[in-house]
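These are my notebook entries on a structure that I had not examined before. I record what I looked up, topic by topic.

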Amino acid sequence: MTVGSATAAWFGRAARAALDSVLPPLCLRCATPTDAAGTLCAACWSQITWLSAPLCACCGVPFEFDPQPPGAQEGGAQSGTQYLLCGACLRQRPIFARARAVFRYDDAGRGLVLAFKHGDRLHGVPAYARWLARAGAELLESADIVAPVPLHWTRLAWRRYNQAALLANAAAALAGRAAVPDLLVRTRRTPQQGEMGRAARRRNVRRAFDVADRYRAQVAGRRIVLVDDVLTTGATAEACADVLLAAGAAAVDLLTLARVVRPAAD
Ligand SMILES: [Zn+2]
Ligand SMILES: [Zn+2]
């Protein structure tokens with residue numbers, strides 16, 4: 001599979017930006033000087049809520065405590081590792097086979113995402129990719145295709161690069177997987193959904209995506225890992241998963257840098 005030439009060009013620019021910014025090393029979040037390039041200062045590191053086991057095996061939500069011994073819950077033991085589901089996933093399984101994220105999208109996490117999203121701090125990409133490869137190791141291991149959630153071309157032109165594509169390419173490269181940055185396309189422009197609630201977001205993104213025609217035949221029977229910067233309501237990523245599953249994908253996993261973690265409803 002070939003990397004889209006436009007995305008390859010952006011990736012090339014990102015690589016050059018990374019080289020240009022080797023000195024002086026600055027914290028990726030607050031831009032104070034640090035000992036090493038492409039990392040966080042100690043203060044920022046300690047403020048980020050890194051998501052780690054125990055996690056719901058499906059949606060990846062962190063458990064506050066080790067819920068039950070392995071195999072004691074529905075789902076049973078899977079190849080010797082803990083396979084536990086949260087209450088929400090037990091009631092209704094999400095469209096994703098599995099979702100994983102590196103850190104929590106809280107006040108500290110938001111600052112780190114926004115620095116990447118709007119600040120052109122592309123020199124953070126190698127660090128973000130390493131974090132994604134670690135948090136999403138299981139997902140990437142079984143991935144046939146790694147693909148980003150797409151931006152509409154008009155927004156892409158304005159923002160100049162799709163940060164999800166940069167993350168997908170870099171994480172796939174670390175894991176030795178095929179990245180297809182133009183697997184999905186936007187079929188129409190959707191309004192910015194910053195202030196929308198979950199239902200409004202779902203309406204907003206319905207039928208907003210499709211599998212690119214030239215990749216349609218390659219999706220059938222494959223496991224896809226979708227990559228995005230943030231998981232909030234999940235409406236956008238669910239709309240992407242919908243069209244991939246409709247095209248015959250065997251399963252769709254979701255890997256993000258940050259995710260909203262709501263307090264447990266039960
Ligand atoms: Zn910092
Ligand atoms: Zn869950």
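Entry 1, a helix pair. I began with helix α5 (residues 125–135) and helix α8 (residues 163–175) of this predicted model. I noted that they pack at an angle of about 60 degrees, with their axes 8 Å apart. That angle makes α5 oblique to α8. I then looked up the handedness of the crossing of α5 and α8 and found it to be right-handed. For the contacts, I listed Val125, Tyr128, Ala129, Arg130, Leu132 and Ala133 on the α5 side. I found that these meet Leu166, Leu167, Ala170, Ala171 and Leu174 in α8.

Is Tyr128 buried or exposed? I recorded a relative accessibility of 0%, so Tyr128 counts as buried. Setting aside neighbours within four places in sequence, I found Tyr128 in contact with Leu28, Leu112, Phe116, Leu167 and Leu257. I also looked up the separation between the C-alpha atoms of Tyr128 and Asp229, which is 9.7 Å. Along the chain, Tyr128 and Asp229 are 101 residues apart.

Which residues coordinate the zinc ion (ligand 1)? I found Cys27, Cys30, Cys41 and Cys44, each through its SG atom, at 2.3 Å. The angles among the 4 donor atoms run from 104 to 116 degrees, and the site is tetrahedral. For comparison, I noted that the ideal angle for four tetrahedral donors is 109.5 degrees. In sequence, I read the donor spacing of the zinc ion (ligand 1) as C-x2-C-x10-C-x2-C. Cys30 and Cys41 both lie in the loop between α1 (5–20) and α2 (42–47), so the pair ties together parts that are 11 residues apart in sequence. I then checked accessibility: Cys30 counts as partly exposed at 34%, whereas Cys41 is buried, with a relative accessible area of 12%.

Entry 4, the zinc ion (ligand 2). I listed the protein donors of the zinc ion (ligand 2) as the SG atoms of Cys56, Cys59, Cys86 and Cys89. They lie 2.2 to 2.3 Å from the ion. Why is the arrangement around the zinc ion (ligand 2) called tetrahedral? I found that the 4 donor atoms subtend angles of 106 to 114 degrees, which makes it so. The donors of this ion follow the spacing C-x2-C-x26-C-x2-C along the chain.

Ala31 lies in the loop between α1 and α2, and with a relative accessible area of 33% it is partly exposed. I then looked up the peptide bond from Ala53 to Pro54, which is cis, with omega near 5 degrees. I located Pro54 in the loop between α2 and α3 (87–91).

Entry 6, the chain as a whole. I counted 11 helices and 6 strands in its secondary structure. Of its 266 residues, 48% count as buried. Among contacts with a separation of 6 or more, I found that 72% join residues 24 or more positions apart.

Technical notes: Residues are numbered from 1 along each chain as its sequence is written. Chains are lettered from A and ligands numbered from 1 in the order in which they are written. This is a predicted model: local features need pLDDT of at least 70, side-chain atom pairs count only at pLDDT 80 or more; totals for chains, interfaces and linings use all residues. Side-chain values use heavy atoms; hydrogens and water are left out. Donors are N, O and S atoms within 2.8 Å of the metal (3.2 Å for Na, K and Ca); water is not among the atoms, so sites may look incomplete. Four donors count as tetrahedral if all angles lie between 85 and 135 degrees; four count as square planar and six as octahedral if opposite donors are over 155 degrees apart and all others between 65 and 115; anything else is irregular. Axes are lines fitted to C-alpha atoms, for helices over the stretch in contact, and angles run from 0 to 180 degrees between N-to-C directions. Helices (H or I, at least four residues) and strands (E, at least two) are DSSP runs, numbered from the N terminus. Angles under 35 degrees count as roughly parallel, over 145 as roughly antiparallel, 65 to 115 as roughly perpendicular and the rest as oblique. A crossing is left-handed if the near helix is turned anticlockwise from the far one by less than a right angle, and right-handed if clockwise. Contact means heavy atoms within 4.5 Å. Buried means under 20% relative accessible area, exposed over 50%, partly exposed in between (1.4 Å probe, protein chains only).
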